[in-house]
Amino acid sequence: MTSRRNFITGAAGAMVGASLVSKAGAAAIPEAPVQSSPATQPPLHPPSGRPYNPVVTLNGWSLPWRMKDGVKEFHLVAEPVVREIAPGMKANLWGYNGQSPGPTIEVVEGDRVRIFVTNKLPEATTIHWHGQILPSGMDGVAGLVQPAIAPGKTFVYEFVARYAGTFMYHPHSDEMTQMAMGMMGFWVTHPKDPRRHAVDRDFVFLLNAYDIEPGNYTPNVNTMLDFNLWTINSRAFPGTDPMVVRKDDKVRIRMGNLTMTNHPFHIHGHRFEVTGTDGGWIPPAARWPEVTVDIGVGQMRAIEFVADNPGDWAFHCHKSHHTMNAMSHAMPNLIGVDQGGVAKKINDLVPGYMVMGDKGGSMGGMRMALPENTLPMMAGRGPFGDIEMGGMFTVIKVREGLARGDYRDPGWYRHPAGTVAREWTGPVPDPVGAPAAPASGAVIGTAKRGGHEGH
Ligand SMILES: [Cu+2]
């Protein structure tokens with residue numbers, strides 16, 4: 001045990017030295033590609049190794065590798081990054097190779113994988129390979145199975161990706177801070193036979209949450225529950241890209257939850273089955289139909305459906321506060337309250353003061369002055385007006401006539417004539433009155449009926 005660990009850390013230390021000294025020496029460690037864009041990158045078709053159908057990381061990318069003596073070598077660099085959460089807001093996060101989350105790692109069942117991890121953070125870190133069945137010393141728990149990777153050091157992890165499936169990676173060292181700062185990434189192990197579990201489009205993303213006060217850039221890492229930015233791969237709507245799908249494609253969406261609460265994800269216009277978890281594939285006979293799947297803390301879910309219904313379909317967390325962006329939650333419910341008089345008085349003191357929410361919370365149409373680097377709470381413009389969403393919300397765009405593998409945004413859906421809800425301009429009959437209420441004092445529902453005594 002000890003000699004093996006010393007061998008690894010010793011070798012890694014030598015490699016860091018080499019990479020600092022000369023380009024020739026740096027050949028010992030693969031280059032670490034860096035991503036500067038928060039946009040969804042095209043799938044990375046494997047240039048070497050066994051063939052597979054690559055995934056598409058929503059607002060993310062997959063990490064290229066180097067094949068060396070039959071081993072897939074990756075290089076992750078843990079470092080501070082600036083992530084655009086949506087146009088108009090950037091956050092100082094920690095991530096890998098230029099972005100948060102880090103790049104998706106894609107390998108094939110049976111691959112031997114070697115991952116170099118360089119720590120450019122101001123504190124020690126490790127990487128835990130969530131869901132992988134691997135030797136204990138490769139599991140990435142600081143103190144328990146390896147020394148933490150000190151700032152400036154490079155460690156190397158090596159194991160065989162034994163099972164095809166859906167996984168993720170994240171630190172197991174000062175986790176609260178490092179995950180609250182955005183350190184995480186997706187991992188997909190593809191089946192050896194690409195015909196197994198085959199789909200036409202395979203999307204992946206992680207759910208994360210931040211506490212960034214309006215006007216600030218850096219998350220509060222001590223927050224336990226009261227997060228105010230709910231994100232898909234560190235993007236909030238309208239910054240989330242759409243998932244573009246060809247009609248009748250078989251679609252898989254894999255999601256992992258690294259927030260501190262559960263997220264019931266809901267699809268519109270389709271029904272899906274949950275086909276896999278981070279524990280493996282669910283046997284077909286054990287699957288059932290759903291339109292919402294709850295993703296618990298630390299869990300992953302893969303869902304599959306046939307996209308047979310063209311249109312623009314919302315796909316979002318069903319907790320309504322998770323489809324809103326940051327704002328104070330300490331707001332009273334003002335529905336039905338006439339604030340006109342108050343507003344006039346305040347306006348005398350504060351010109352431009354705005355009454356909020358006396359007809360409900362709708363604020364999409366308001367254009368309030370916001371602190372710098374702050375997203376509107378409910379945002380996004382659609383073809384019919386304001387969408388009034390934020391946070392964990394995106395759109396699945398199902399279209400006829402797309403090319404295989406074309407993920408470009410096709411614009412808004414053109415609805416066939418007569419298929420859009422519209423204003424009714426004909427006569428509206430009076431509502432039928434409800435039955436008269438029973439006289440006060442009347443006792444309801446105590447009449448004994450036969451057959452219920454045993455309940
Ligand atoms: Cu949620």
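Two residues are in contact, or touch, if their C-beta atoms, placed from the backbone, lie within 7 Å. This is a predicted model: local features need pLDDT of at least 70, side-chain atom pairs count only at pLDDT 80 or more, and totals for chains, interfaces and linings use all residues. Residues are numbered from 1 along each chain as its sequence is written.

Figure 1. Helices (H or I, at least four residues) and strands (E, at least two) are DSSP runs, numbered from the N terminus. The chain has 455 residues, and 39% of them count as buried. A residue is buried if 20 or more other C-beta atoms lie within 10 Å of its own, exposed if 12 or fewer, and partly exposed in between; C-beta atoms are placed from the backbone. Among contacts between residues at least 6 apart in sequence, 73% join residues at least 24 apart.

**Figure 2. Leucine 229 in the largest nonpolar core.** A nonpolar core is a set of buried Ala, Val, Leu, Ile, Met, Phe, Trp, Tyr and Cys residues joined through C-beta atoms within 7 Å. This core holds 93 residues. Leu76, Ala78, Val117, Met168, Trp187, Phe203 and Leu229 touch the most other members. Leucine 229 touches Ile85, Ala209, Tyr210, Ile212, Ala236, Asn325 and Ala326, leaving aside residues up to four places away in sequence.

**Figure 3. An open sheet of four strands, in the order β5-β10-β9-β7.** Pairing in the sheet is mixed. Two strands pair if DSSP finds at least two bridges between them. β5 and β7 (128–130) stand at the edges with a single partner strand each, so one side of each is left without a neighbour in the sheet. Neighbouring strands are turned by 25° against each other on average, direction ignored. Axes here are lines fitted to C-alpha atoms, for helices over the stretch in contact, and angles run from 0 to 180 degrees between N-to-C directions.

**Figure 4. Strand β5 alongside strand β10.** β10 covers residues 185–190. The two strands run parallel, joined by four bridges. Glutamate 106 has valine 188 as its bridge partner in β10. Valine 107 has threonine 189. In a regular strand the side chains alternate between the two faces of the sheet. In β5 (residues 105–108), Ile105 and Val107 point one way, and Glu106 and Val108 the other way. All of them are buried.

**Figure 5. The loop between β4 (89–96) and β5, with proline 101.** A cis peptide bond joins serine 100 and proline 101, with omega about -5°. Asparagine 97 lies in this loop too. Its phi is near 50°, a positive value in a residue other than glycine. Asparagine 97 has 22 other C-beta atoms within 10 Å, so it is buried.

**Figure 6. The loop between β12 (229–232) and β13 (243–246), with proline 238.** A cis peptide bond joins phenylalanine 237 and proline 238, with omega about 10°. Serine 234 is found in this loop. Phi of serine 234 is near 55°, a positive value in a residue other than glycine. Serine 234 is buried because 28 other C-beta atoms lie within 10 Å.

**Figure 7. Proline 289 in strand β18 (residues 289–290).** Proline 289 is exposed, with 9 other C-beta atoms within 10 Å. Beyond residues up to four places away in sequence, proline 289 touches Arg271 and Glu273. Proline 289 and arginine 271 are 18 residues apart in sequence and 6.4 Å apart in space, C-alpha to C-alpha.
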